[in-house]
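Dear colleague,

Please find the structure below, handed over for your files. My notes on it follow.

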Amino acid sequence: MTTVIARPESHTKVIGGRVGDSPQRPDGNLKVRGEFAYSSDLWMEGMLWGVTLRSPHPYARIRSIDIGPALATPGVSAVLTHEDVPGEKLYGMDIADQPVLAIDVVRYQGEPVALVAANHPEVARQAAKKIRVDYEVYEPVTDPIEALGHPGWNPGQHSTAPVVQVVELNAERARLHPNGNLVRHLKIRKGDPAPVADVVVVGEYEVGMQDQAFLGPESGLAFPAEDGGVELHVATQWLHSDQQQMCLALGLPPEKVRLTLAGVGGAFGGREDLSMHVHACLLTLHTGKPVKMVYHREESFFGHVHRHPATMRYEHGATGDGVLVYVKAAIYLDGGAYTSSTPAVVANAGTLGIGPYVVPNVQVDCFGSYTNNPPCGAMRGFGAVQVAFAYEAQMDRLAAELGMDPVELRCRNAMTEGAQAPTGQVIDSAAPVEELLRRVQSMPMPAEHPAAGDTDLRALPGGVSNVTHGESVVRGVGYAVTYKNIGFSEGFDDYSTARVRLEVVNGEPTVTVHTAAAEVGQGLVTVEQQIARTELAVDRVVVHGKDTRVGSGGSTSASRQTYVTGGAVKAACEKVRDVLLGMARRQLGHTIAGLRLDDGKVVSDGEGVVAAIADVLGDRVIEETLQWRHRPTEPIDPETGQGFAHVQYAFSAHRAVVDVDVELGLVKVVALDCAQDVGKAINPEAVVGQIQGGSAQGLGLAIMEEVIVTGGMIRNPSFTDYLLPTMLDMPPMKIAVLEYADPHAPYGLRGVGEPPTISSGPAVAAAIRQAVGKPLSRVPIRPEHITGT
C-alpha cells in the first residue's frame, strides 16, 4: 500500500504519543493475540443464561402465549413476557414505539416475544421452543412507497411536474402504527420552483439493505446490585442513551441502573439501539442471579437494525457547458417496523442528497416509512451512503449526455469554501472538492492486465476458481466525490463529558481520563491519551473504564467522538493545567510570564525549567469534570429545509479501477484510491486505517453485501450467505490525507470514519458501468445485472 500524508503547511513536531503521532494502541497486542476480553467472554459464578423467543412472522396478532411447558423444564428459572415488564412497555432512542417484548402484535420477523433464563444455554434454547404462541398471521406491508400510499413513479414526469403525489391508505391493517406509516417527510426547497435547463437527465436507483456485520455478536452480563438495582456490562455505542431507555422499562431511577462498557467487537451503528440490554436485566431482577445473554450469528441478524434500503428518482438539469441548473429528487427509505434513528437518517439523506456540488435550484423530498421489514437505523454513513450512489450515477450520466469528462463535470460544479449547501447553510471551512478529485485522478494507474493466458489467474475476476483466463475481461475506471455531516444535527444538544485527574503515583505524574464515550474498535482510547499527553505534558495517561458513573459521552457514531469527546478531554485538561500553573506561581512566590508545561516540567519562556510537575503537585490531586459542546446547530424549516443544520462537513473522493468478466458477470476491484480532508490527523495511522476500513464497507455494498428480504423474511441470516469482502477482495490503496484545519473544531480536526464509506461504493459502481456500458442502477451489482441473464 502507498500512503501519502499531504500537509498544506508545516507542523510542529511533538513528542511521541501526542497529537499528530501514531502511538501503539493499548488494546492492539491483546486483540492480535486473541487475548482481548469481549462482551461475549464475560462470566460470573452461578450465572444463568438468557435466551429470546422471537416471532417467526413479519406481521401477526398474538392471540395467546402459553409459557407453562417452558417453565416446567428442569433447569429453567424464569420465563417472562410483556406482562412481566415493570415499567414502560415501549422503548426507543427518540420515539418510544418498540415493545420491550411483543404485546399484542408482532411487526417484523424476529421480534422478541418471550425470555427464558436457565442454568445452561442449551436448556434455555430448548425451553424457549416449548413456549406456545398462537398467531393470527397478516399479510405484511413490505413496499416502503406503497406503505405511504404513493403510486410510485410517473414515467412521463418532467421537471415542472410535482415530485410525488400522495394517495390515502384505505386498509386499516396496512396502518402499522397509530399515526400511519410515515416516519418523516423532509422537504428541501431552494431557488426557482420551475427551473429550465438545456440538458436534463433522469434516473431511478435502488440500494439494498446492508448489515453492519460486526464480528462480535450482541452480548452482555447483568447482575443484581446490593441496593436493589442492576449492573449491566454490555457491548454498546451509547451508554447513557441505553441507561435512559432501560430505566423507563425497568421502573428504576438512573442511580440504580449502572452500565459498564464491555469489550466491543465492532459496531458501525448496529449497537446504537438496545438489543439484549433490558432483557438480561429483567431476567436478573426476576431471578436475583447474574444472567448472561449472547446472540448467535443468525439471531444477530434479527437483533439489530440494518442500513435503510432506498428507492430514489433523480432529475438533473444543466446548461450546455455543464453547469448545474437544478436537481430534483424523491428519496424513499425503508425504516422497517419501528422508528429507531430513521428521522435523522431521513434528514441526512435529504440535506446531503445532491452531493458536494453548487446547485442554485433544489427540490428534494425524502421519506422514511414504516414497513414489516426488519427495522433499520444507524449504519456508517447514515443516509449519505444511499443518496451518493444516485447523485454520482447522475453526474456520470450527465457527463455522457454532455460529452464531458466525468471528473471535469464534477470539478466545474464543485463546492468550495463559502458555497451554499441545499439548506442554504454556508460552508464556512475548507471544501477542497476539486483538489480531492485531482489528487485521485493524478495517482498512478495500476498496470494493465496482460493478454489472455499470460497472467496470474488470481489477478482476474473469478480467477481463484479457474473460471477464466482473461478472455472476456474488460477494465473500467470510475470516480466519486461525496461529503458527510459530522456530529449530531438540527439543533440536537450534542455534548460530551470528560473527567480528568492529575496526581503523582509512585513518583510519576499520572493523568486519568474518564469518559463514557464508547471505544468500539476505532481507537478512541488512544486519542484520549494523545490529547491528555499533549495538553498536560505527562507521559503516563490511564484511560478509566467506560461507564455511566461519569456524564454522557454521547454516541460513538456520526464520526463525532474525536471531535466532541476529544474536545471535552482537551477542555478538561486545559482546566487542570490552569489550576496546576496557578499552584506553581503560588509556590514560586513571584509572577513569571509565559508559564507552560513541557515534558513533565513547568517551563517559563524566560527562565526555562522552573519546577517539575511532580514537585508542584506533591500529594495533592487536581480533578476537573466538564461538559463540552460544539457550536449549536438549528432545526431546518419544515417547508423549505433551510437552516444551519450541520456543525461540520467532511469530504472524500475515490477512484476505482475494476476488471469485469462481461460473460460471467464477475468483478475484481483492482485499485481503490482515496483522497480525504481530515482537518488534522490526530493519529495518522489510525486515520489511514479508518479510510481503509470504510472503503471496504463501501466496496462491499457496491458488489456483494445485501440482506435479502422477501415478503418481510430474511433469507440469508448468516456469514455464509451474506457475502463480505475478504483480503482477496480488497485491492491495494493509495491514500492522500489532506489537512485543511476547520477553525471551529478542536485542533482543526474533521471526523474521519464515515466519508470513505460514502465515496468508495459509487466509484466502484461507476467503474463497472464504464467497463460494461450498462446503466446498472441498483447496488449491490450482481453478476446477472452485468450479463443480463
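Over the ring of which residue does the charged end of R629 sit? That ring belongs to Y495, with the charged end of R629 4.6 Å from its centre; a charge counts as over a ring if NZ of Lys or CZ of Arg is within 6 Å of the ring centre and within 35 degrees of the ring normal. K31 likewise lies over the face of F36, 4.8 Å from the ring centre.

This is a predicted model, in which local features need pLDDT of at least 70 and side-chain atom pairs pLDDT 80 or more, while totals for chains, interfaces and linings use all residues. Residues are numbered from 1 along each chain as its sequence is written, and side-chain values use heavy atoms, without hydrogens and water.

The whole structure holds 14 aromatic pairs (Phe, Tyr and Trp rings, the six-membered one for Trp, with centres within 6.5 Å; planes under 30 degrees apart are stacked, over 60 edge-to-face, the rest tilted). Y108 and Y338 are edge-to-face, because their ring centres are 6.1 Å apart and their planes at 80 degrees. The two residues are 230 residues apart in the chain. Y108 is buried at 4% relative accessible area and Y338 at 0% (buried: under 20%, exposed: over 50%, partly exposed in between; 1.4 Å probe, protein chains only).

Strand 8 (residues 112-118) has seven of its seven residues buried (strands are DSSP runs of E, at least two residues, numbered from the N terminus). Strand 2 pairs with strand 8 in the antiparallel sense over six bridges (pairing requires at least two DSSP bridges), and R54 has P112 as its bridge partner.

Kind regards

Terms used. Helix = DSSP H or I, 4+ residues; strand = E, 2+ residues; numbered from the N terminus.
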